[in-house]
Amino acid sequence: MSNLYKVVFVLGPPGSGKGTQCALIQKNFGLVHLSAGDLLREEQESKSQYGQLIAEHIRNGTIVPVAITCALLENAMKASGDCAGFLIDGFPRNQDNLDGWQKNMADKVDVKFTLYLSCKVDVCVSRCLNRKQGRADDNEESLRKRIHTYNTQTYPIIEYYEKLGLVREVATCRDTDEVYTDIEKIFKEAGF
Ligand SMILES: Nc1ncnc2c1ncn2[C@@H]1O[C@H](COP(=O)(O)OP(=O)(O)O)[C@@H](O)[C@H]1O
Ligand SMILES: Nc1ccn([C@H]2C[C@H](O)[C@@H](COP(=O)(O)OP(=O)(O)O)O2)c(=O)n1
Ligand SMILES: [Mg+2]
């Protein structure tokens with residue numbers, strides 16, 4: 001048991017605060033934050049053979065095939081050395097992600113729970129439009145597609161983990177520090 005990687009998945013709509021809260025959890029609990037979206041953007045910017053495919057999925061708000069994303073996550077986990085565990089942000093985002101993860105990673109990890117950051121769509125959209133990170137997908141058209149993908153493909157994954165009793169939900173339409181106070185309790189209760 002002890003040499004399995006501890007994993008917490010972090011899911012929620014675009015702009016719900018996954019990256020913001022993961023940075024705080026990483027700092028205070030020593031878990032390593034791995035954002036699937038960030039890893040895909042880095043892969044796209046390197047001279048990857050998948051660069052164009054990744055760019056198209058990001059702009060269209062659709063989900064990159066799991067073989068690419070899961071390999072990036074596994075490589076990042078192997079490269080990170082000893083840590084309290086991993087916060088896997090923005091994954092698994094659809095059934096293909098989940099199937100690929102179960103096939104390749106299920107016997108190497110101990111999934112503790114899924115942190116579900118819930119937030120109203122209008123708040124999420126306005127946060128993304130004001131994010132100012134120069135992202136190709138923080139525009140109204142891409143956001144409409146990303147929200148559609150979230151509702152039709154990602155939310156069912158949250159429901160899957162809910163049925164297993166593995167979802168911890170935190171409402172994020174509040175100040176960052178109020179949200180984090182609730183998250184901190186959840187991680188303490190889980191023994192981190
Ligand atoms: N609780 C909050 N209140 C107000 N703004 C927030 C809050 N959490 C995050 N933000 C801002 O909203 C934007 C999206 O947050 P981010 O953490 O990147 O979300 P996600 O990774 O879920 O898309 C960022 O500009 C961030 O600074
Ligand atoms: N598991 C994943 C995660 C992200 N992606 C792609 C498609 C997503 O719309 C983009 C951006 O994801 P990211 O998690 O960075 O976006 P948000 O933080 O939710 O705003 O990356 C993916 O294809 N597969
Ligand atoms: Mg993010």
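Which residues does Asn97 touch, not counting residues up to four places away in sequence? In this predicted model, Asn97 touches Ile63, Val64, Val66, Phe91 and Pro92, where contact means heavy atoms within 4.5 Å. Residues are numbered from 1 along each chain as its sequence is written, chains are lettered from A and ligands numbered from 1 in the order in which they are written. Local features need pLDDT of at least 70, side-chain atom pairs count only at pLDDT 80 or more, and totals for chains, interfaces and linings use all residues, while side-chain values use heavy atoms, with hydrogens and water left out.

Asn97 has its place in helix 5 (residues 95–104). Helices (H or I, at least four residues) and strands (E, at least two) are DSSP runs, numbered from the N terminus. Asn97 has a relative accessible area of 3% and is therefore buried; buried means under 20% relative accessible area, exposed over 50%, and partly exposed in between (1.4 Å probe, protein chains only). An unreviewed UniProt entry marks Asn97 with the annotation "binding site". UniProt positions are given in the numbering used here, feature names are shortened, and annotations may be inferred rather than shown by experiment.

With residues up to four places away in sequence left out, Phe91 touches Phe9, Val10, Leu11, Ala36, Val66, Thr69, Leu73, Asn97 and Trp101. Ala36, a residue of helix 2, is likewise buried, with a relative accessible area of 2%. Apart from neighbours within four places in sequence, Ala36 is in contact with Thr69, Asp89, Gly90 and Phe91. Although Ala36 and Asp89 are 53 residues apart along the chain, their C-alpha atoms are separated by 6.1 Å.

The next results concern the largest pocket. Rolling a probe the size of a water molecule over the atoms shows where empty space is left. On a 1 Å grid over the protein atoms alone, a cavity is a set of points where a 1.4 Å probe fits but cannot get out, whereas a pocket is an open set with protein on both sides within 12 Å along at least five of seven lines; lining residues have an atom within 4 Å of a point. The largest pocket has a volume of about 870 Å³, a volume being the space filled by probe spheres set on the points, with grid points joined across faces, edges and corners. Its lining consists of 41 residues, and Lys18, Arg93, Arg131, Arg135 and Arg146 lie nearest its centre. The lining divides into ten nonpolar, 20 polar and eleven charged residues. In this grouping, Ala, Val, Leu, Ile, Met, Phe, Trp, Tyr, Cys and Pro count as nonpolar, Asp, Glu, Lys and Arg as charged, and the others, Gly among them, as polar. Helix 2 gives the most to the lining, with five residues.

The UniProt annotation "binding site" (unreviewed entry) also covers Arg41, Thr62, Ile63, Val64, Gly90, Phe91, Pro92, Arg93, Arg135 and Arg146. From this set, the lining of the largest pocket includes Arg41, Thr62, Ile63, Val64, Gly90, Phe91, Arg93, Arg135 and Arg146. Arg146 is found in helix 7 and, at 9% relative accessibility, counts as buried. Leaving aside neighbours within four places in sequence, Arg146 is in contact with Pro14, Gly61, Cys128, Arg131, Arg135, Asp137 and Asp138.

A further "binding site" feature in UniProt (unreviewed entry) is placed at Gly15, Ser16, Gly17, Lys18, Gly19, Thr20, Arg131 and Arg174. The lining of the largest pocket takes in Gly15, Ser16, Gly17, Lys18, Gly19, Thr20, Arg131 and Arg174 from this set. Gly17 lies in the loop between strand 1 (5–11) and helix 1 (18–29), and its relative accessibility of 17% means that Gly17 counts as buried. Gly19, by contrast, is found in helix 1 and is partly exposed, with a relative accessible area of 35%. When residues up to four places away in sequence are not counted, Gly17 touches Leu117 and Arg127, and Gly19 touches His33 and Asp89.

Finally, the structure holds zero disulfides, a disulfide being a pair of cysteine sulfur atoms within 2.5 Å. For Cys83, the nearest cysteine sulfur is that of Cys22, 13 Å away. Cys83 is partly exposed, with a relative accessible area of 30%, and Cys173 is partly exposed, with a relative accessible area of 36%.
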